[in-house]
Structures are given as structure tokens and as C-alpha cells.
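Please read it alongside the sequence and coordinates.

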Amino acid sequence: MMNHAGHDHGGHGGHGGGRPGGLSVSENGYTLELDATILAAGVQQIGFKVIGPDGHAVTEFVPEHEKELHFIAVRRDTAGFQHVHPVRDEKGTWSTDLTLEPGDWRFFTDIHPVGHDGTLTLGIDVAVAGPYDPRPLPEATGTARIGEYTVALDGALVPGEASALTLTVSRNGRPVTDLQPYLAAYGHLVALRVGDLGYLHVHPEGHPGDGITAPGPDIAFMAVAPSAGTYRLYLDFQHDGVVRTAEFTVHTAEAAHVHGDHHRGHHAHH
């Protein structure tokens, strides 16, 4: 059976993470349908439906990470990332607000429709009118700063293999040990492949309240890069009642010799 949207943990099959999600507007009979695909800049209300195989809007979803539907917006140059949670009416129409700058955008819905055997990620292109000022890809520094917070990334993405990523949160140089749960985890990580914005599912290790997982400063994930290349990672974490996003640029490492200043231990040569 095919793994939908890269939901394999890796190591089970020959190709590890399978293909990324979000590259198609329609998959397995489910289609993402926006009210409008040309939008003005600024704060905009977005309306959309997920049309099911029967031609009707889907109204029954299996919650994943506490939500029926996760909605991600990012500009094609990887700027402007937003992870929001739209509200649905009884007819299956979703709505949410996004802050949009001019340019070409990609919207993703992460869903598990009732009756389907797993999660799907559907993606659609949207044009935002106005003068487009594309930004160069940020460098791969392994560190992200958001105001008083610094998040350090340890670990590497390895093509076709599950690898551990650890993100360590500090505030004004001190480790943060009282992270608040966000979406049933201490952090939510989205990874997108640069070039086509292929959407990777990344799984947190442990969860709040399991008696093992500490509320910081480390947040651990398992991720599979479906191919060699460059990826953008976006970590949402909650502290002092505010959700913040740390962004990273990551280049894949080779399986036999993982690069990185922080990497310890030896990898067997295949």
C-alpha cells in the first residue's frame, strides 16, 4: 500500500519517506477548491472546500494533532510561512485569515477524511497581486532567532532515511524548560523541499504528558528527506502563551558521512 504524503517513518520500504505531499491539487479523489485563486495583498479572508470522491464538500474528518485540518501558506520563495487553523461550517466550507504579500503562493491542506485510509496533503497555487519582491533563500546557519528566542538545530536530513532532528530553544541565552503544548506536542515542524515546495510530514518524538518528554529545551523529531537537495524547516512552538515560528534552511547530508559541527558519533559506511 502506498504511503500517502510521505507518512512513512523510513526504513520499512526501499524508498524511505516516499514522495512528498502537497504537489497535487487533487489526490485519491479529494480536491482542494478555493473560492478565489487571485487575491489582493494584505490581510485576506480565504474560503475553500475539500471536495470528496462523491463530488460534495467533505464534512467529516479524523482529527490529527488536535485539528480536523491544518492549513499552511507560504510564498513560492519560501517567505511568509503561516500555519493556521480555519473554521468549518456545516456545509464543509472553511475560512481563515492570512497575511499576504504580492507574489506566487502555495496553500496546503493537511487532512484525514473519514473513510480514507490515511492523511493527505493537497496543494494549490495562488497569485497575490502587486509588485513582487522575491527574497533570496536564507543561508543554512543551523540557528534561528525570533526576538528574545534562539532555536538551534542539531541533526541532518538524509535522503531516503529517517533521521533525528533536535531543536533546542533558549531565551536570552537561557534554556527554555517550560514550553507549552501546541497541537499535542511541544513543537510542530513543517519541512518543504526548495524548488517545488514538496511537503514533508515530520513526526514529533514523544508527547506532553507521556511521563518521558520534557517541556524543553529540546524538541525531537524524526524526518525523512525524499531526495537530496535543500529544504526549509519551520518550527512552531508555544511559550508564554504565544506561538512563534523558527525558520531554517537545511541541505541534505550523505548517509555515509553526515556533516555538521554538532554531530557526534559514527555512521557505518554502507
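The model is predicted, with local features requiring pLDDT of at least 70 and side-chain atom pairs counted only at pLDDT 80 or more, whereas totals for chains, interfaces and linings use all residues. Residues are numbered from 1 along each chain as its sequence is written, and side-chain values use heavy atoms, with hydrogens and water left out. The protein has 0 helices and 20 strands; these are DSSP runs numbered from the N terminus, helices being H or I of at least four residues and strands E of at least two.

**Overall make-up**

- Of the 270 residues, 45% count as buried, where buried means under 20% relative accessible area, exposed over 50%, and partly exposed in between (1.4 Å probe, protein chains only).
- The accessible surface comes to about 12,800 Å², and carbon and sulfur atoms hold 51% of that area; the areas come from the Shrake-Rupley method with a 1.4 Å probe, and for residues only the protein chains shown count as cover.
- Among contacts with a separation of 6 or more, 64% are between residues 24 or more positions apart, a contact being heavy atoms within 4.5 Å.

- β7 runs antiparallel to β8 (residues 93-100), to which 2 bridges join it; here Arg88 has Trp94 of β8 as its bridge partner.

**Strand β10 and its partners**

- Strand β10 (residues 120-128) has 7 of its 9 residues buried, so it is largely enclosed by the rest of the structure.
- β3 (residues 38-39) pairs with β10 in the parallel sense over 2 bridges, with Ile38 opposite Ala127.
- β9 (residues 103-111) pairs with β10 in the antiparallel sense over 9 bridges, and Asp110 has Thr121 of β10 as its bridge partner.

**Four-stranded sheet**

- A further open sheet has 4 strands in the order β16-β15-β19-β20, with antiparallel pairing.
- At its edges stand β16 (199-201) and β20 (242-251), each with a single partner strand, so one side of each is left without a neighbour in the sheet.
- From one strand to the next the twist averages 25°, with axes taken as lines fitted to C-alpha atoms, for helices over the stretch in contact, and angles running from 0 to 180 degrees between N-to-C directions.
- β15 (residues 188-193) and β19 (residues 230-239) run antiparallel and are joined by 6 bridges; Arg193 stands opposite Tyr231 in β19.

**Nonpolar cores**

- The largest nonpolar core has 26 residues, of which Leu233, Leu235, Phe237 and Phe248 touch the most other members; such a core is a set of buried Ala, Val, Leu, Ile, Met, Phe, Trp, Tyr and Cys residues joined through side-chain atoms within 4.5 Å.
- Two or more residues of this core come from each of β12 (149-155), β13 (162-171), β15, β18 (218-224), β19 and β20, and β19 gives the most, with 4 residues.
- Beyond its neighbours within four places in sequence, Leu233 is in contact with residues including Leu153, Leu165, Val190 and Phe248.
- A second, separate core of 24 residues includes Val50, Phe71, Ala73 and Leu100.

**Salt bridges**

- There are 11 salt bridges, each a side-chain nitrogen of Lys or Arg within 4 Å of a carboxyl oxygen of Asp or Glu.
- Asp125 and Arg76 meet at 2.7 Å, N to O. Asp125 lies in strand β10 and Arg76 in the loop between β5 (69-75) and β6 (82-84), so the pair ties together parts 49 residues apart in sequence.
- Both are partly exposed, Asp125 at 41% relative accessible area and Arg76 at 30%.
- Arg135 and Glu101 form a salt bridge, their closest N and O atoms being 2.6 Å apart. Arg135 lies in the loop between β10 and β11 (143-146) and Glu101 in the loop between β8 and β9, 34 residues apart.
- Arg75, Asp77, Glu101 and Arg135 are linked in a network of salt bridges.
- Arg171 and Asp240 meet at 2.7 Å, N to O. Arg171 is in strand β13 and Asp240 in the loop between β19 and β20, 69 residues apart.

Definitions and conventions: Pairing = 2+ DSSP bridges.
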